[in-house]
Amino acid sequence: MDLRGYFNRIGFTGPYDKPDLDTLRTIHKLHVMTIPFENLSIHCREKNTTDLNIIYDKLVKSNRGGWCCENNLFFSWVLKEMGYKYTTLGSKVFNKFQNDFYPVDSHLINMVEIDGKPYITDVSYGVSCQLWYPLEMISGKDQPQPPGVFCLLNNGMTWVLEKTSRKQVVKDKANANSSLIDRRLVKTMYCFPLTPRNKEHFVETLDCLQTSPDSRFVLKSICSLQTPNGFRALIGWTYSEITYNPEEDSDMVDMKEIPDSEIEAVLKEKFNVVLVNKLTPKNKKANYCM
């Protein structure tokens with residue numbers, strides 16, 4: 001694995017040996033603007049893995065994206081190679097239907113310490129809750145970013161990440177009732193303790209998420225990528241472009257259905273993703289929205 005190959009992939013031209021906050025903010029944003037959050041391998045009869053060499057080939061050499069156990073695990077290697085002091089953590093994602101957190105750690109994140117201050121990095125949550133920049137770990141502090149206002153809360157043992165969003169306004173009223181529209185203005189994203197985790201901690205859950213018929217990642221094919229003024233997403237056959245409009249406290253959502261014959265072209269044109277194996281899109285009912 002070659003760090004310079006990753007830098008070329010995301011377009012980073014800064015110094016390699018400067019593990020400071022400005023550099024971390026730069027590579028964090030470049031990553032989410034270049035490497036999609038996607039689970040397409042599951043729907044191409046491929047298996048996701050925690051093998052870093054395979055992940056490197058996928059994300060860097062093959063211009064693909066990945067989900068958190070690929071993107072964030074790979075990002076931990078980047079942090080290590082660049083000289084950052086980091087700790088990999090496991091988090092429990094919030095289930096809005098059950099109004100509670102899932103019982104197991106299904107989302108991998110990294111905590112980075114710079115000049116004695118801890119920050120959370122997460123380059124692989126996707127859609128409207130994707131962090132563009134690291135979050136300083138100060139409980140109760142509002143931290144505005146283009147997607148909305150993020151806030152970490154600490155109860156002594158556990159941290160919780162919340163996001164305050166803008167209203168999503170659907171351009172075509174025919175799509176106004178889509179289940180992909182997130183109507184929550186305040187969203188609980190996930191919770192986590194500061195217990196260090198290695199990649200083996202996630203293997204069993206990773207297998208479940210890509211095989212269980214109840215998994216949102218089995219029920220939906222997802223590809224999303226941040227853009228300079230919002231994000232775009234292909235979920236099943238539904239392609240959406242979301243434009244952030246903070247001046248009017250709203251986000252504009254432009255949705256359309258893509259026929260099977262155009263799916264590959266949309267992936268290449270909008271996400272720079274070219275698949276080796278045939279994709280079978282899915283968009284069944286699940287706990288997932290934009």
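User: What are the ground rules here?
Analyst: The model is predicted, so local features need pLDDT of at least 70 and side-chain atom pairs pLDDT 80 or more, while totals for chains, interfaces and linings use all residues. Residues are numbered from 1 along each chain as its sequence is written, and side-chain values use heavy atoms, with hydrogens and water left out.

User: What volume does the largest pocket have?
Analyst: About 790 Å³. On a 1 Å grid over the protein atoms alone, a pocket is an open set of points with protein on both sides within 12 Å along at least five of seven lines, and a cavity is a set where a 1.4 Å probe fits but cannot get out. Volume is the space filled by probe spheres set on the points, which are joined across faces, edges and corners.

User: How many residues line the largest pocket?
Analyst: 40, with V93, Y102, S106, R216 and F217 nearest the centre; a lining residue has an atom within 4 Å of a point.

User: Which helix gives the most to that lining?
Analyst: Helix 5, with five residues. Helices (H or I, at least four residues) and strands (E, at least two) are DSSP runs numbered from the N terminus.

User: And the second largest pocket, what volume?
Analyst: About 250 Å³. Its lining has 13 residues, and S41, E46, I54, K58 and R64 lie nearest the centre.
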